[in-house]
Amino acid sequence: MNELPGHFHQILLGVGEDPQREGLLDTPKRAAKAMQYLCNGYGKSLEEVVNGALFASDSDEMVIVRDIELYSLCEHHMLPFIGKAHVAYIPTGRVLGLSKIARIVDMYARRLQIQENLTRQIAEAIQEVTRAAGVAVVIEAKHMCMMMRGVEKQNSLMNTSVMLGAFRESCTTRMEFLQLIGGNR
């Protein structure tokens, strides 16, 4: 983090600000600390996040965790995108600890991203860890790069999905998942 405050100091100069102004004196340090936090997914591994939290189970029915809030930065403008992920898998003898699903979402979201890749990374990670019969991930998010600049569309929402295994192969399984995450909206 040593270099980041200096870079933020240069950014302040670049946008025409005075980094010596009272309100900005500590901004480069605070901005560097915030950026490190917002990108802390780089310092984590899937093994570390899961931490062995797989448990034997006879369940072979769909497990869904929906409305997992996520915060990420788009890799094109480094502006936030904010939304929620819905994750499902069909166990084959083992289930993943509930909080680990949200932690996997966070690990990948806390990297510079595009939503399409984030969705795939989460699905493939859940598949790798659980060896599930199928995995489905849907993310819906609002992108500040589209809301605050450029086209400035305030009410747009981007949806992405990745379906693996049974969710890709079976229309019935896919539709059940989509219906279950679409309820109460």
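Which residue in S7 does glycine 134 stand opposite?

Modeller: Glycine 134 stands opposite glycine 165 in S7. Before going on: this is a predicted model, where local features need pLDDT of at least 70 and side-chain atom pairs count only at pLDDT 80 or more, while totals for chains, interfaces and linings use all residues. Residues are numbered from 1 along each chain as its sequence is written, and side-chain values use heavy atoms, with hydrogens and water left out.

Now the strands. S6 and S7 pair in the antiparallel sense over eight bridges; strands are DSSP runs of E with at least two residues, helices are runs of H or I with at least four, and both are numbered from the N terminus. Pairing takes at least two DSSP bridges between two strands. S6 also pairs with S3, again antiparallel, over ten bridges, and there isoleucine 82 has lysine 142 of S6 as its bridge partner.

S6 is mostly covered, with nine of its ten residues buried, that is, under 20% relative accessible area with a 1.4 Å probe, protein chains only. Leaving aside residues up to four places away in sequence, isoleucine 126 touches Val87, Tyr89, Leu96, Ile101, Ile104, Arg131 and Val135, where contact means heavy atoms within 4.5 Å.

Key:
Buried < 20%, exposed > 50% of the residue type's maximum accessible area, 1.4 Å probe, protein only.
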